[in-house]
Amino acid sequence: MKKTLRWFGSGVDPVTLDKIRQVPDIYGVVTTLYDKQPEDEWKKEELLVLKKQVEDAGLVIAGIESVNIPDAIKTASKDRDMCIERYIGSIKAVSEAGIDTICYNFMAVFDWTRSDLTKPREDGSTVLSYDHAVIGQIDPDNLIDAMLNNAAGCKLPGWEPERLAKIKDLFEMYSGIDENALCANLEYFLKAIMPTCEKYGVKMAMHPDDPGWSVFGLPRIMKNKQDLLRLIKLVDNPHNGVTLCSGSLGTNPDNDIPDIIRSLKGRIHFAHVRNIRHNSPGNFEESAHISSDGSLDMYEIMKALHDIKFDGLLRPDHGRQIWGEVSVPGYGLYDRAIGLSYLSGLWEAIQKSA
Ligand code: DNO
């Protein structure tokens, strides 16, 4: 297992590489080319510049999170094949830069969704939280207004002002797309890219939907065990794998995460491990990583990863905003470093008692 932290790039991420370097037993970072649009084809040279920057700090780029999928691919609109050709070019560039894991998602329109980025907790920290009573009442036609009035809106990935400006067109693109159609479009994409992934040794790691249910009436196809098993069978090739995100799958208390992990043996290339606290149906908040602070049994999650001999990338995820730190929402250094040390402790104990 290779321990990593997500890094949002110099000038943007207040958490600098030299700070990440001091996290105990850290291997590297996962990052991306932040100036790229999903439709752009990546160039090896651009990645090599980023790679040198990370390596000069004594770390490696362990994986790319994310190479985003253009809406044209998700909706099978007219530019789909051109976008796939470019995506294939990006996979080659990633491989030529010596990186072998790509995290991506197939969420419609938005990436992860929260209703509050700074929910106060009893310990004085703040966390990201989600209340379906808030999100569920937003009329997609009034999404821009609702988002501008909502502190969470414009700071989440996928909610950038330039995307919100064309939100009606985006919803229009997805208007005829139900879960079956989205899944068929995913299959088309995976079948097209898999020969390249195989040839260049690049592992694709699908991130689950977050939260694990439909938001704004949009289709969701990566919510639970059944969805993830369907994914890996769509193209039964080890390069077609999963980012096991305990927090995203954990939004639905019916998801048995250790069981999901065991069912995906050999196909988990990346693990995002974090805890979450269920408050009531459709209402959750993120928490510290330790089991006692949330609703997930983190020991059982790490044990399941150990049982399947997981040897991919792992990163702690989100956590609380503590000690006055200002950071990218959900990505402070302090609570992620505490979280990773806790996960490392669990792992060491599990290894020694195995
Ligand atoms: C949230 C992240 C996601 C993830 C993407 C992968 O914190 O885990 O935004 O990076 O869904 O494409």
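Two strands count as paired if DSSP finds at least two bridges between them. Strands (E, at least two residues) and helices (H or I, at least four) are DSSP runs, numbered from the N terminus. In this predicted model, 4 strands form an open sheet in the order E5-E6-E11-E10, with antiparallel pairing. Strand E5 (116–120) and strand E10 (276–280) are the edges, each pairing on one side only. On average, neighbouring strands here are turned by 35° against each other, direction ignored; the axes are lines fitted to C-alpha atoms, and angles run from 0 to 180 degrees between N-to-C directions.

Let's look at one pair. E5 and strand E6 (residues 126–131) are joined in the antiparallel sense over 3 bridges. Asp116 has Ser129 in E6 as its bridge partner.

## Helix H10 and its cover

Which residues of helix H10 are buried? In H10 (residues 225–234) they are Asp227, Leu228, Leu229, Leu231, Ile232 and Leu234. Buried means under 20% relative accessible area, exposed over 50%, and partly exposed in between (1.4 Å probe, protein chains only). The cover over these residues includes strand E4 (101–105), helix H9 (179–200) and helix H12 (257–263), where contact means heavy atoms within 4.5 Å.

## Salt bridges

Side chains of opposite charge can pair when their charged atoms come close. Here a salt bridge is a side-chain nitrogen of Lys or Arg within 4 Å of a carboxyl oxygen of Asp or Glu, and the structure holds 31 of them.

One of them joins Asp56 and Lys52 (2.7 Å, N to O). Both residues lie in helix H2 (residues 44–56), 4 residues apart, about one turn of the helix, and both are exposed. Another salt bridge joins Asp259 and Lys225 (2.9 Å, N to O). Asp259 lies in helix H12 and Lys225 in helix H10, so this pair ties together parts 34 residues apart in sequence. Asp259 is partly exposed at 30% relative accessibility, and Lys225 is also partly exposed, at 29%.

## A buried pair in a network

Arg274 and Asp317 form a salt bridge too, their closest N and O atoms being 3.2 Å apart. The two residues are 43 residues apart, in loops that belong to distant parts of the chain. Arg274 is buried, with a relative accessible area of 1%, and Asp317 is buried as well, at 2%. Salt bridges that share partners join Arg274 and Asp317 into one network with Arg6, Glu65, Arg114, Asp210, Glu286 and Arg315.

## How to read the values

Residues are numbered from 1 along each chain as its sequence is written, and side-chain values use heavy atoms, leaving out hydrogens and water. Local features need pLDDT of at least 70, side-chain atom pairs count only at pLDDT 80 or more, and totals for chains, interfaces and linings use all residues.
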